Amino acid sequence: MSSSVSSGVSMQSGRDTETKTVPGPILLLGAPGVGKGTQAKELIKTWNIPQISTGDLLRANVAKGTKLGMIAKQIMGRGELVPDSLVNEMVALRLLEPDTATGYILDGFPRTLVQANWLDGRLAAQPEALPLVAVSIQVNYNQLLRRITGRRSCPVCQTIYNVFMHPPQRDGFCDVEGAALIQRADDTEEVFKERMRAYAALTAPVVEHYRALGRFAEVDGDRPIATIAAGIVAAVERLRHTA
Ligand code: AMP
């Protein structure tokens, strides 16, 4: 965090005199399929800070065939969690990038208490950094199942569809690019169940950890995307101004 923005919580937007909250580190918490990635992309528009999705970073490693990617591929395919030390190291490298200076949105990390303690320790070692604010997105189980198993994406423009709730005009093909839509290998019902088991056992305690620390809010994720995003922005603004 640069010293020019760390002493307060407000900054001038580049375009006009509107005062905006300096976002700092934001955690999006919630089960697989609650919409953390979708919301992170909405929040980028508000604050112009990067989304750090450990799922996306791992998938990029798998696609590139790196050593980490080769280890992660099988684990992800089973819906289990990649070892903490590997994920922490990957996040540590990403946080060194200069685009994280005024804040970043963590999506899918931390997923275990070991990861949470590592992140807390890292932030504590930077006294000039703003504290984390955590927002947990809530969606019920059956809705998550439909979201995950119905999810398809365009390999060209990354547009996301849902065969149940937001189907493309032509079955199986992107409305924008016409490309054949793809399904993530771990978006099957069987793997979803394993991901939910991992979430309940390992990640639900992380939510409780941040609830207990304060600077924590819950939002209902079963509403239109823009409504949820507005709720998250309002929660972050409120939590940033809480002593
Ligand atoms: P996601 O795209 O966030 O649903 O993540 C997809 C898969 O990547 C998960 O099911 C895990 O196998 C792995 N993964 C993502 N983030 C983490 C993390 N923070 N710790 C361990 N494994 C992770």
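**Notes on the predicted model**

1. **Composition of the ligand shell.** By class, the residues around the ligand divide into 6 nonpolar, 4 polar and 6 charged. The model is a predicted one. In total, 16 residues surround the ligand, and the closest of them are Thr54, Arg59, Glu80, Gly108 and Gln115. Helix H3, residues 54–64, supplies the largest share of this shell, with 4 residues.

2. An oxygen atom of the ligand lies 2.5 Å from a polar backbone atom of Glu80. A nitrogen atom of the ligand is placed 3.1 Å from a polar backbone atom of Val82. At Gln115 the side chain is involved: one of its N or O atoms is 2.9 Å from a nitrogen atom of the ligand. Taken alone, the ligand exposes 480 Å², of which the protein buries 95%.

3. **Helix H7 and its cover.** Helix H7 spans residues 141–150 and is mostly covered, with 7 of its 10 residues buried. The buried residues are Gln143, Leu144, Leu145, Arg147, Ile148, Thr149 and Gly150. Their cover includes strand E7 (151–153), strand E8 (160–162) and helix H8 (189–213). The N-terminal end of H7 is capped by Asn140, which has a side-chain oxygen 3.2 Å from the backbone nitrogen of Asn142.

4. **Arg195 in helix H8.** Is Arg195 buried or exposed? Arg195, a residue of helix H8, has a relative accessibility of 10% and therefore counts as buried, the cut-off being under 20%. Its side chain makes a polar contact of 3.1 Å with the side chain of Asp187. Beyond neighbours within four places in sequence, Arg195 is in contact with Pro32, Gly79, Ile148, Arg151, Arg184, Asp186 and Asp187. One of these, Ile148, is also among the buried residues of H7.

5. **Arg152 in strand E7.** Arg152 belongs to strand E7. The side chain of Arg152 reaches the backbone oxygen of Thr149 at 3.0 Å, and Thr149 is itself one of the buried residues of H7. When residues up to four places away in sequence are not counted, Arg152 touches Thr159, Ile160, Tyr161, Val163, Leu181, Ile182 and Gln183. Arg152 and Leu96 are 56 residues apart along the chain, and their C-alpha atoms are separated by 32 Å.

6. How many disulfides does the structure hold? The number is 0. A disulfide is a covalent bond between the sulfur atoms of two cysteines, and the cut-off applied here is a sulfur pair within 2.5 Å. For Cys154, the closest cysteine sulfur is that of Cys174 at 3.6 Å, which is too far for a bond. For Cys157, the closest cysteine sulfur is that of Cys154 at 3.7 Å, also too far for a bond. Cys154 counts as buried because its relative accessibility is 0%, whereas Cys157 is partly exposed, with a relative accessible area of 28%.

7. **A cis peptide bond.** Phe109 and Pro110 are joined by a cis peptide bond, with omega about -5°. Pro110 is situated in the loop between strand E5 (103–107) and H6. The reader may wish to inspect this part of the backbone directly.

8. **Positive phi outside glycine.** Asn48 is not a glycine, yet its phi is positive, at about 55°. Asn48 sits in the loop between helix H2 (36–47) and strand E4 (51–53), and at 67% relative accessibility it counts as exposed. Arg215, likewise not a glycine, has a positive phi of about 50°. The position of Arg215 is in the loop between H8 and strand E9 (216–220); with a relative accessible area of 24%, Arg215 is partly exposed.

9. Leu130 is located in the loop between helix H6 (113–124) and strand E6 (133–138). Leu130 and Lys73 are 57 residues apart in sequence, and from C-alpha to C-alpha they lie 34 Å apart in space.

Definitions and conventions: Residues are numbered from 1 along each chain as its sequence is written. This is a predicted model: local features need pLDDT of at least 70, side-chain atom pairs count only at pLDDT 80 or more; totals for chains, interfaces and linings use all residues. Side-chain values use heavy atoms; hydrogens and water are left out. A residue is near a molecule or strand if one of its heavy atoms lies within 4 Å of it. A polar contact is a pair of N or O atoms within 3.5 Å; within protein, one must be able to donate a hydrogen and the other to accept it, and residues adjacent in sequence count only if both atoms are side-chain atoms. Accessible areas come from the Shrake-Rupley method with a 1.4 Å probe; for residues, only the protein chains shown count as cover. Helices (H or I, at least four residues) and strands (E, at least two) are DSSP runs, numbered from the N terminus. Ala, Val, Leu, Ile, Met, Phe, Trp, Tyr, Cys and Pro count as nonpolar, Asp, Glu, Lys and Arg as charged, and the others, Gly among them, as polar. Buried means under 20% relative accessible area, exposed over 50%, partly exposed in between (1.4 Å probe, protein chains only). Contact means heavy atoms within 4.5 Å.
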